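Please look through the sequence and the coordinates below before reading on.

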Amino acid sequence: MATVTELLQPVEADLEILLSDLRSLIGAGHPILQAAAEHLFSAGGKRLRPGIVLLISRALSADGELSSRHRRLAEITEMIHTASLVHDDVVDEASTRRGVETVHSRFNYRVAVLAGDFLFAQASWHLANLDNLDVVKLLSRVIMDLADGEVKQGLFRFDTGQSFETYFEKSYCKTASLIANSAKAAGVLSDLSEPQLESLYHYGRQLGLAFQVVDDILDFTGSDQQLGKPAASDLSSGYLTAPALYALEERPALSGLIEREFSGEGDLETALAFVRESEAIPRTRELAKTFAREARESLDWMPESPSRTALLELPDFVLSRLY
């Protein structure tokens with residue numbers, strides 16, 4: 001199975017340009033905010049979200065060249081994603097991400113919140129300067145969704161009565177909205193028809209949901225090293241994802257442990273055993289496969305190109321993280 005680096009090969013040079021442009025875009029503003037932003041962009045990461053925007057843009061380009069607006073859209077996408085990670089880490093009180101100290105660990109919480117706000121503000125400014133109202137609406141919606149997802153996640157902690165619909169809404173807001181709306185925005189800048197724009201949105205939505213569902217499985221099956229955070233951290237924090245929701249259907253006793261917030265000795269270990277010994281993980285795996293298949297099917301109309309091939313292989317890469 002191809003790695004992310006191999007899949008993003010058609011836009012490898014574009015991603016190099018993106019990184020150097022991001023550093024200059026952030027500008028020589030406040031030294032501490034600049035240091036925090038530099039720290040973030042040098043922390044590595046897969047650059048999957050801007051990579052998807054660049055792949056779509058290249059796949060839709062008649063001469064295979066990228067316009068400056070498509071490049072800027074990819075940069076805005078990465079800025080929004082990075083800003084959301086800073087705020088996520090503050091909310092989750094995470095000390096590391098991808099093996100690197102989080103901004104609030106290296107500086108402090110106040111700087112981290114301001115650095116996140118600063119990046120959101122920068123993204124909004126550059127977004128407005130694209131001079132395309134439809135794109136502004138799509139990406140502004142993403143910033144709203146990210147905040148909405150965090151609020152929803154907090155409201156439903158340790159709530160065993162929540163539905164799958166709530167879980168999907170939260171997953172869409174936190175993970176899929178940015179991929180879906182930035183994919184569609186790339187199509188808007190390429191003057192696509194409405195049905196084609198909807199198919200790009202659907203591709204990003206289903207790919208994002210597959211990605212989140214796979215992450216939720218790995219929380220139960222992955223190691224601390226693989227996850228870059230402690231295993232089972234979602235469950236212990238009271239965030240009920242697909243495996244926990246499926247396990248609740250099979251093992252009603254699980255709800256008592258969750259509702260008392262794992263306060264009894266051995267509660268969390270018992271809860272983990274309930275999830276792992278039920279059909280919850282296989283059922284969640286099928287869910288991820290369905291989303292991945294639907295993402296692939298969305299791009300049938302796209303002309304053949306190395307970028308299209310990469311986009312079609314991305315859903316399988318997402319699933320490959322499980323094996």
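A residue is called buried when its relative accessible area is under 20%, exposed when it is over 50%, and partly exposed in between, with a 1.4 Å probe and protein chains only. The model is a predicted one, in which local features need pLDDT of at least 70 and side-chain atom pairs count only at pLDDT 80 or more, while totals for chains, interfaces and linings use all residues. Residues are numbered from 1 along each chain as its sequence is written, and side-chain values use heavy atoms, with hydrogens and water left out.

Helices, which are DSSP runs of H or I with at least four residues, are numbered from the N terminus together with strands, which are runs of E with at least two. Helix H9, spanning residues 164-189, is mostly covered, since 21 of its 26 residues are buried. The same helix H9 carries a kink of about 60°, centred on Ala176, where the bend at a residue is the angle between axes fitted to the seven residues ending there and the seven starting there. Just after H9, Asp191 adopts a positive phi of about 60°.

The charged side chains come next. Side chains of opposite charge can pair when their charged atoms come close. With a salt bridge defined as a side-chain nitrogen of Lys or Arg within 4 Å of a carboxyl oxygen of Asp or Glu, a search of the whole structure finds 16 salt bridges. Among them is the pair formed by Glu250 and Arg283, at 3.9 Å from N to O. This pair links distant parts of the chain, with Glu250 in helix H13 (residues 242-250) and Arg283 in helix H16 (residues 280-297), 33 residues apart. Glu250 counts as partly exposed at 32% relative accessibility, and Arg283 is likewise partly exposed at 32%.

An α-helix has 3.6 residues a turn, so residues three or four places apart point the same way. Lys289 is partly exposed at 34% relative accessibility, and Glu286 is partly exposed at 45%.

In the salt bridge between Arg308 and Glu304, N and O lie 3.2 Å apart. Here Arg308 is buried, with a relative accessible area of 11%, whereas Glu304 is exposed at 66%. Finally, Asp14, Arg58 and Arg71 are joined in a network of salt bridges.
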